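Hi,

Here is the structure I promised to pass on.

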Amino acid sequence: MDFFKTLPLEKKLDLYSTMKKIRLFEQTVFQLTSQGLVHGSVHFYIGQEAIAAGIIACLKKEDYIMSTHRCHGHMIAKGADLKKMFAEIMGRVDGYCRGKGGTMHLLDPDIGMMGTNGIVGAGIPIATGLGYACSNFEKGKAVVCFFGDGAINTGAFHESLNIASLWKLPVIYVCENNLYAISTSIGKAASVSDLSRRAVAYGMPGYNTDGNSLPQVLNTARRCIDSVKAGSGPCLMICNTYRQLGHSIHDPRSYRTKEEEDKWLKKDPIARYETLLKKEGVLKENQIPKIDEKLKEEINDALEFAKNCKKPAQKDLFEDVYKLC
Amino acid sequence: MYISYAEAIALALKEELRRDRNLTVIGEDIGRYGGVFKATRGLFEEFGEERIKDTPISETAILGIAVGCSMLGYRVVAEIMYIDFMTLGCDQIINQAAKMHYMSGGRLNVPVVFRTQGGAGIRNAAQHSQSLEAWYMHIPGLKVVMPSTPYDAKGLLKSAIRDENPVLFIEHKKLYNTKGEVPEDDYTIKIGSADIKRKGSDITLISNSYMVFNTLEAADKLNEVYGIDCEVIDLRSISPLDKESIVRSVIKNNRVAVIHEACLQGGIGGEIASIVQSEAFDYLDWPVLRIGGPFTPVPFCDELEDHFILNADTIVQKVADHFKLA
């Protein structure tokens, strides 16, 4: 069924706005790195926005998500506060993790965003644990576990999907196949070219979807989430996409060609969605500057807030090692 | 009640499962089978498979599921059959559970217990016999507990389950059948509190887990042979360490030895020796003695394995040599 078609007009526009917000947020973070205001590794989501926006649009606030080192899109789509995001990425005390986590450990339990991980694949068993908790104690909730193609060959992936299927846990495993794990292409890393076939081994449904098409992502996600919430057990959803930038800020991308990048830039998810909305008459050309202006203002306000936040005090080094009982 | 160490573990779990309806126990062969060391015997019958969950052999998933579920406040005791097998999933302990509270700026915590057992002595060779506690005491955010008696096992396991932080609870395979008095009522033992298992005024002997008993036997022999009155401290927790009890005893006795089953190199004895020297140096009449296992894997052959494990006579000999007892 085409769920996308049934969406109200405002919802379709919201999704457009969410994708653009993610893009603008990341472009701003990119600038901050060159200005020396953000240090360490930063992993950009540019080119993959339809996946976070489309899937999370099918969730309720109380549903859980688990993310990866490439987490900004998931955070924003789940409704995170941009002020606290910027502040955290800039290592400020008013950030989501009081400046102790940074871009690789953003999270917000209040919106069901339960973690981001610096270890590839490590979020998968934890998300499975969230699913275990839901099936025992919070029935009716679903968990979406995001990870990249780099994670699907870890033991954590295999062990978790097997148990989730065995115990019928309400988890949607979402592999964002952006074709590269740092420099290693998926063809050199996975023994099957159609990654959804991995699902067969665990006795769960596997779906392939065009990760750069918001309607297709949303339609597949809706189907997965409905089935998981109905108690049918987990499923694996492969979103085929492309990481437009390098693995992190330091990656020169020498392992791939300009032609390949250009080919994928033509399939940019935001541009495609914009064209679709215009064609459907949902979005008019003259609305776009207004939407952009509003987003810019929101981003600038958040950035201004973060820039004015203090860095943690030296004594904070010793805080929160253990929770006091 | 006069019960075994394994029964004390099962009793603590049973009482906590009754008290906290959101507590679950997961691991390999812990259900109807009752655990390979029988430490979960009887739980399946009372609480059913919803709460006593057998898992496949998937250490990463076992530990990760426990972390994820506990993060939401539903406590989990995850059993890893042998501490040697924990290497397969210890990312979830070291990189995830132990750091979650800190990395989240205090917004999340993981009240999980990782139960396992270690140590040599049952002819299981090198991959089923290690004492790896020192690795884990190096990890901030994690607590490490090693009870030696049924009484301590019950009280400490209850504390571990009620703790808001991840606790690694290391039992010893040679202790499961040892018996001791255990009160029927609900009691807890503070994590980070050592216990003086034998009072003495001449030399302080500090030990942990199964080696506490060989140390106690050595203390008796040192008394018989040399007329030396040893105090034996059972650390009970490796992290946090009860520095106060250690230092207090050293100040009183002025001579100290640390004895553990784990390899001497990189063992907890080095840490304790360092604490003693930095906090009670002026009270030391003698250099701190460290006694630990040889720097070898644990061998299979019975005679070789017996030679690997420190016995009371070896401890007596090393203490007598070091402190020049006559």
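Predicted model: local features only at pLDDT ≥ 70, side-chain atom pairs only at ≥ 80, totals over all residues.

Chain B first. It has 11 helices and 14 strands. Its radius of gyration comes out at 20 Å, close to the 20 Å from the globule rule for 326 residues, so chain B is as compact as a globular protein of that length. Along the principal axes, its C-alpha atoms fill a box of roughly 60 × 45 × 40 Å. Of its 326 residues, 56% count as buried. If you take the contacts in chain B with a separation of 6 or more, 80% of them are between residues 24 or more positions apart.

Chain B splits into domain 1 (2–181) and domain 2 (195–322), with 26 Å between their centres, taken over C-alpha atoms. Where the two meet, domain 1 of chain B puts in 24 residues and domain 2 of chain B 23. On the domain 1 side, helix H5 (133–137), strand E6 (143–145) and helix H6 (150–162) of chain B are the elements giving two or more residues. That side has 12 nonpolar, seven polar and five charged residues.

Now the contact between the chains: 35 residues come from chain B and 31 from chain A. On the chain B side, helix H3 (59–71) and helix H4 (91–103) each supply at least two residues, and H3(B) gives the largest share, nine residues. By class, this side of chain B has 13 nonpolar, 17 polar and five charged residues.

Cheers

Technical notes:
Residues numbered from 1 in each chain as written. Chains lettered and ligands numbered in written order. Contact = placed C-beta atoms within 7 Å. Helix = DSSP H or I, 4+ residues; strand = E, 2+ residues; numbered from the N terminus. Nonpolar A, V, L, I, M, F, W, Y, C, P; charged D, E, K, R; others polar. Domains from an automatic or database assignment. Rg over C-alpha atoms; globule rule 2.2 N^0.38 Å. Buried ≥ 20, exposed ≤ 12 C-beta atoms within 10 Å, placed from the backbone.
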